[in-house]
Amino acid sequence: MENFIPYGKQFIDEDDIKAVVEVLKSDFITQGPKIKEFEEALASYVGAKYAVVFNSGTSALHGAYFALDLKKDDEFITTPMTFVATSNAGLYLGAKPVFVDIEKDTGNIDISKIEEKITDKTKLLSVVHYSGHPVDMEKVKELADKYNLKIVEDACHALGAKYKNERIGNCKYSDVTIFSFHPVKHITTGEGGAVLTNNKEIYEKLLIFRNHGITKDRFINNPDGDWYYEMQYLGYNYRMTDIQASLGISQLKKLNRFIEKRRNIAKIYNKAFKDNPYFDLPVEKDYAYHSYHLYPIKLKDKYKEKKAEIFRSLRKEGVGVQVHYIPVYLQPYYQNLGYKKGLCPIAEDFYKREISLPIFPAMTEKDIEYVIEKVFKVFI
Ligand SMILES: Cc1ncc(COP(=O)(O)O)c(C=O)c1O
């Protein structure tokens, strides 16, 4: 196809390439000095004490749930309007995801519906800042404190977003925050992820989990030599490489510009599509500074049944739309676990209406105009 604009894409410049090449020419290509440097830069950017980088957002989630002691037969509350990884990472530990329906406008978990799902087995709340719009975290924390629950923020969509004027990732209202550095995200390391926390114990457990459960200090047994190491948990090889971390450091320097660009594209879309009769636009609540990982539109009643046709026509016109998301529990694997259709009606309805339009920093004015023109063409 001549012109095809994807829904999301990385932005890599000469500085990024130079940073990666420098590492390739150095002595360390994995777990060298760049890992710590990236972790410190990330922690400082979001305003948290500690960062531990992982080789994906998914492994970061696995590490976070592990560090918060999520175990077999525990329950954790989450949203169905997310990528499967948010919930899968709990399944890895034998825990049971409990899905709570979402808000119609933001697509975020409906906090008013959490309490009725809390049981004696509930261990933690894992909330997702859907599309980059922060969840109302003060309310989540109030609830978690009442029932003594841990809080995970899956902020894979929300690096650079702010809640009540403070950066997502500072963990003011949570135990840990997770980011992903997949190429469609705000910054990329190819594959990659991170866990942020202000808790030293969680931080140390994450470092060990990332490296097979092995530690080189704080031993259980007596060391019999300087080579001694000890495996204390069943961990994984979830390490990020220095090659990736160097790209992350370089990308992070451009993050504010990337966010501004995304917000500007959203502003242009908002203006062009204002009061249109076909679909509703994303919202930005007064407590939110949206980072627009996605620009999700929601078809109005009249067009809902035509979603597949509209989606196909937009793709045919070179507008690389996507859908975020099929509610997690509707996946065959989850259906086999016993989750039933109808569990979260608002999420199911949201899915029937939602289409994500292209939004990424490398989009040109021409690209944006092209998308707007083709969207109107398909509907009219
Ligand atoms: C909300 C959410 N959580 C978790 C993940 C998993 O991140 P990764 O692809 O880096 O493993 C993603 C990635 O798409 C995501 O969007």
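This is a predicted model: local features need pLDDT of at least 70, side-chain atom pairs count only at pLDDT 80 or more; totals for chains, interfaces and linings use all residues.
A residue is taken as exposed when its relative accessible area is over 50%, as buried when that area is under 20%, and as partly exposed in between. The side chains of Lys72 and Asp73 meet in a salt bridge, with a distance of 3.8 Å from N to O.

The fold includes an open sheet of seven strands, arranged in the order β1-β9-β8-β5-β4-β2-β3 and with mixed pairing. Strands β1 (residues 50-54) and β3 (residues 96-99) lie at the edges, each of them pairing on one side only, and the twist from one strand to the next averages 25°. Within this sheet, strand β2 (residues 75-78) runs parallel to strand β4 (residues 122-128), to which it is joined by four bridges; Phe76 stands opposite Leu124 of β4.

Helix α2, formed by residues 33-46, lies across β1, β8 (176-180) and β9 (193-197), and runs at about 130° to β1. Helix α3, formed by residues 57-67, packs on the sheet and touches β1, β2, β4, β5 (150-154), β8 and β9, with its direction making about 165° with that of β8.

On the surface, a nonpolar patch is formed by Ile12, Ile17, Val21, Leu24 and Ile29, which together have about 400 Å² of accessible area. Ile12 is located in the segment before α1 (14-24) and, with a relative accessible area of 39%, is partly exposed.

Salt bridges number 27 in the structure. One of them is formed by the side chains of Asp105 and Lys285, at 3.1 Å from N to O, and this pair links distant parts of the chain, since Asp105 belongs to the loop between β3 and β4 and Lys285 to the loop between β12 (279-280) and β13 (288-289), 180 residues apart. Both residues of this pair are partly exposed, Asp105 at 30% relative accessibility and Lys285 at 26%. A further salt bridge joins Glu166 to Lys172, whose closest N and O atoms are 2.9 Å apart; Glu166 is partly exposed, with a relative accessible area of 32%, and Lys172 is likewise partly exposed, with 45%. Beyond these pairs, Asp301, Lys304, Asp349 and Arg353 are linked in a network of salt bridges.

Technical notes: Residues are numbered from 1 along each chain as its sequence is written. Side-chain values use heavy atoms; hydrogens and water are left out. Two strands pair if DSSP finds at least two bridges between them. Helices (H or I, at least four residues) and strands (E, at least two) are DSSP runs, numbered from the N terminus. Axes are lines fitted to C-alpha atoms, for helices over the stretch in contact, and angles run from 0 to 180 degrees between N-to-C directions. Contact means heavy atoms within 4.5 Å. Patches are made of residues with over 30% relative accessible area and no salt bridge: like charges are joined within 9 Å, nonpolar side chains (Val, Leu, Ile, Met, Phe, Trp, Tyr) within 5 Å. Accessible areas come from the Shrake-Rupley method with a 1.4 Å probe; for residues, only the protein chains shown count as cover. A salt bridge is a side-chain nitrogen of Lys or Arg within 4 Å of a carboxyl oxygen of Asp or Glu. Buried means under 20% relative accessible area, exposed over 50%, partly exposed in between (1.4 Å probe, protein chains only).
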